[in-house]
Amino acid sequence: MTHIDTPGKPIAENPEGSSDESGSAARFREICNPVTGERIQFTAVAPERDEDVVRFNWRSAPGGAIPEHVHPHQQERFTIVSGEAHFKLEGGERAIGAGESIVAAAGVRHAEENRGSVEVVGVVELRPALHSRQMHEAFAGLAADGMTTASGAPKNPLQLGATVWHFRHESRVTSPPIWAQNMVLAPLSALAKVFRVRPHYERWDSRIPRAS
């Protein structure tokens with residue numbers, strides 16, 4: 001299931017949104033994924049708020065692209081503040097501009113590209129939250145450390161098994177087929193544990209420690 005919303009009132013130009021969310025954003029540093037061209041700053045992470053949601057300010061650089069994937073158990077909503085994002089959903093393509101939202105239900109294949117010459121700015125929400133914060137931190141951290149391929153997959157097979165298998169409930173790429181991924185990733189994950197390769201490392205944590 002997918003749909004596009006055109007809200008009745010304009011979205012604030014400040015992607016941090018309300019003063020409450022702006023205060024939440026101050027508790028997280030911005031993370032950057034140079035492979036996908038994304039910059040992310042979390043504004044809400046469960047269970048810190050009443051909602052079971054991960055919400056973040058999202059920026060996509062010109063030429064940036066998110067490969068096709070699915071969220072097996074989550075709904076994902078993109079709300080665009082400025083720029084134009086091109087989405088592929090369920091075999092179709094849609095361009096979404098400022099003031100519009102697009103929703104991909106759990107299990108729906110989707111991908112995104114910034115085909116323009118300016119940055120796309122928006123807000124992304126994932127429901128339920130699961131471990132989406134840690135997943136984004138891990139993939140951004142691996143990419144920033146130069147430890148991924150051009151498609152964003154970890155180069156080290158053990159890290160591939162550790163990270164991709166650990167976050168399989170949050171996100172799965174659609175190629176190779178998921179059954180093939182399962183055959184490879186499950187044993188790699190088990191082997192990664194033997195060699196103490198972790199799916200997420202503390203250095204990637206975007207939370208800013210509170211002053212004592």
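Contact here means heavy atoms within 4.5 Å.

## Overall picture

In this protein, residues 24 or more positions apart account for 70% of the contacts with a separation of 6 or more. The model is predicted: local features need pLDDT of at least 70, side-chain atom pairs count only at pLDDT 80 or more, and totals for chains, interfaces and linings use all residues. Numbering starts from 1 along each chain as its sequence is written, and side-chain values use heavy atoms, with hydrogens and water left out.

The protein has four helices and twelve strands. These are DSSP runs numbered from the N terminus: helices are H or I with at least four residues, strands are E with at least two. Of the 212 residues, 47% are buried, meaning under 20% relative accessible area with a 1.4 Å probe, protein chains only. The exposed surface comes to about 10600 Å², and carbon and sulfur atoms supply 55% of it. Areas come from the Shrake-Rupley method with a 1.4 Å probe.

## Helices α2 and α3

Helix α2 spans residues 132-144 and helix α3 spans residues 157-166. They pack at an angle of about 155°, with axes 10 Å apart. Axes are lines fitted to C-alpha atoms over the stretch in contact, and angles run from 0 to 180 degrees between N-to-C directions. That angle makes α2 roughly antiparallel to α3, a term for angles over 145 degrees.

From α2, the contact uses A138, F139 and L142; from α3, it uses Q159, T163 and V164. By class, that is four nonpolar, two polar and no charged residues. Ala, Val, Leu, Ile, Met, Phe, Trp, Tyr, Cys and Pro count as nonpolar; Asp, Glu, Lys and Arg as charged; the others, Gly among them, as polar.

## Helices α3 and α4

Helix α4 covers residues 178-194. It packs against α3 at about 105°, with the axes 7 Å apart. The two helices are therefore roughly perpendicular to each other, the label for 65 to 115 degrees.

On the α3 side, the contact includes P157, L158, L160 and W165. The contact of α3 with α4 divides into eleven nonpolar, three polar and no charged residues.

## P199 after α4

P199 sits in the segment after α4. P199 and V164 are 35 residues apart in sequence, yet 7.7 Å apart in space, C-alpha to C-alpha.

Leaving out residues up to four places away in sequence, P199 touches A138, Q159, A162, T163, H166, F167 and W204. A138, Q159 and T163 also belong to the contact of α2 with α3.

Notes: Buried < 20%, exposed > 50% of the residue type's maximum accessible area, 1.4 Å probe, protein only. Parallel < 35°, antiparallel > 145°, perpendicular 65-115°, else oblique.
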